[in-house]
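Here's a quick briefing to read alongside the model. Have the viewer open and follow the topics in turn.

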Amino acid sequence: MSARQVLQVGPLKPSLAQTLKDTYDAFVLPDGEERSAFLTEHGPEIRAVVTSGRTGVDAALMAALPNLGAVVNFGVGYDTTDVDEAARRGVVVSNTPDVLTDCVADTAVGLMIDTMRQFAAADRYVRAGQWSASGNFPLTRQVSNRRVGIIGLGRIGSAIAKRLSAFGCTIAYHNRRRVEGSPYTYYGSPVELAAVEVLIVAAAGGAATAKLVNREVLEALGPDGYLVNIARGSVVDEEALVAALRDGRLAGAGLDVFADEPNVPAELLAMDNVVVLPHVGSGTVETRAAMEELTLRNLESYLATGALVTPVPTHAIARR
Ligand code: 8YV
């Protein structure tokens, strides 16, 4: 390759970053004061950015990369990239769908079980010597045969529904639009859906879904209801969630994602009816390798042919 035309934006899986360096002699966007000098010098050389859902590419960075043609995103969620601006500039965006569906759905079910059965809290109980000192752990709540509501019946939401159906759960959902042929009951709003026992958030992040789960939805879920979020912290009004848990207006929550990662509201850490995970939904060796492979295939394909393998659907951009 004659020119250096690939830019890494934000931290990436080390093996992916290494391949970008070895195969494409990729630049890494510097932080702080060096950034603007770098962009002035090299901005026009860049044809493709590789980033992750954690960092993304905003409008200001796109403006500094006048020949950018593609944003290749490691992760299914691309809410940190300004896709409207990308569309306006004719920049195509790819993500890594499908390959992480199973692991993220597994995480949702694991979080639901852990939250309702309080396995993490029970583990802490044993480790703290309380089993012998204080006797049996308090009784918890049954997981099987619950009424479960899923916000976002896309690939991941559907995989969660399939798993929970095997647990005898009754599934209902809310989505941007009704899913044709779905066997599950559709509700036109999150608040109507929330009259379930467990509400699982599996919707994409971004402006369209910001704080979709608000105080009113949490009220509808009620003091016996549980919330599970494996999507994006932005979809839930986190202050309202903390307040509901604090006041006993919600039974518990299982959270893999937060509004301001890696910061987790301190109040949640003291609650045994809350399970907090450090955004590990897709974090297995197998899935991350598959995401890496798909990311590299998108990059390679774009540079060779101008077409991505798994482009973000243009309707996802147009409907915003
Ligand atoms: C990744 C995710 O951890 O795919 C997503 O949208 O949230 C996770 O799989 C993340 O994108 C990597 O930064």
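Which residues have the most contacts inside the largest nonpolar core? They are Met112, Ile160 and Ile200, in a core of 46 residues. Bear in mind that this is a predicted model, where local features need pLDDT of at least 70, side-chain atom pairs count only at pLDDT 80 or more, and totals for chains, interfaces and linings use all residues. Residues are numbered from 1 along each chain as its sequence is written, and side-chain values use heavy atoms, with hydrogens and water left out.

**The cores**

- A nonpolar core here is a set of buried Ala, Val, Leu, Ile, Met, Phe, Trp, Tyr and Cys residues joined through side-chain atoms within 4.5 Å; buried means under 20% relative accessible area, exposed over 50%, and partly exposed in between, with a 1.4 Å probe and protein chains only.
- Leaving aside neighbours within four places in sequence, Ile160 is in contact (heavy atoms within 4.5 Å) with Ala105, Ala108, Ile150, Ile200, Ala202 and Ile230.
- Apart from that core lies another, of 28 residues, which includes Leu199, Val213, Leu218 and Leu268.

**The five-stranded sheet**

- This open sheet runs β2-β1-β3-β4-β5 with parallel pairing; two strands pair if DSSP finds at least two bridges between them.
- At the edges sit β2 (27-28) and β5 (92-94), each pairing on one side only.
- β3 (residues 48-52) and β4 (residues 70-74) run parallel and are joined by five bridges, with Val71 in β4 as the bridge partner of Val49.
- Helix α13 (residues 285-305) packs on the sheet and touches β1 (6-8), β3, β4 and β5; its direction makes about 170° with that of β4, using axes that are lines fitted to C-alpha atoms (for helices, over the stretch in contact) and angles from 0 to 180 degrees between N-to-C directions.

**The seven-stranded sheet**

- Here the order is β8-β7-β6-β9-β10-β11-β12, again an open sheet with parallel pairing.
- Its edge strands, β8 (185-186) and β12 (274-276), each pair on one side only.
- Five bridges link the parallel strands β6 (residues 147-151) and β7 (residues 170-174), and Ile150 stands opposite Tyr173 in β7.
- Helix α8 (residues 155-166) packs on this sheet against β6, β7 and β9, its direction making about 170° with that of β6.
- Helix α11 (residues 238-246) packs there too, touching β10 (226-229), β11 (252-255) and β12, at about 140° to the direction of β11.

- Thr107 belongs to helix α5 and is buried, with a relative accessible area of 15%.
- The Thr107 side chain reaches the backbone oxygen of Cys103 at 2.8 Å.
- Beyond four places in sequence, Thr107 is in contact with Ile230, Asp256, Leu277, Val280 and Gly281.
- Ala203 lies in the loop between β9 (198-201) and α10 (215-221), and counts as buried because its relative accessibility is 12%.
- Not counting residues up to four places away in sequence, Ala203 touches Ile151, Gly152, Thr209, Ala231 and Val235.

Note on methods:
Helices (H or I, at least four residues) and strands (E, at least two) are DSSP runs, numbered from the N terminus. A polar contact is a pair of N or O atoms within 3.5 Å; within protein, one must be able to donate a hydrogen and the other to accept it, and residues adjacent in sequence count only if both atoms are side-chain atoms.
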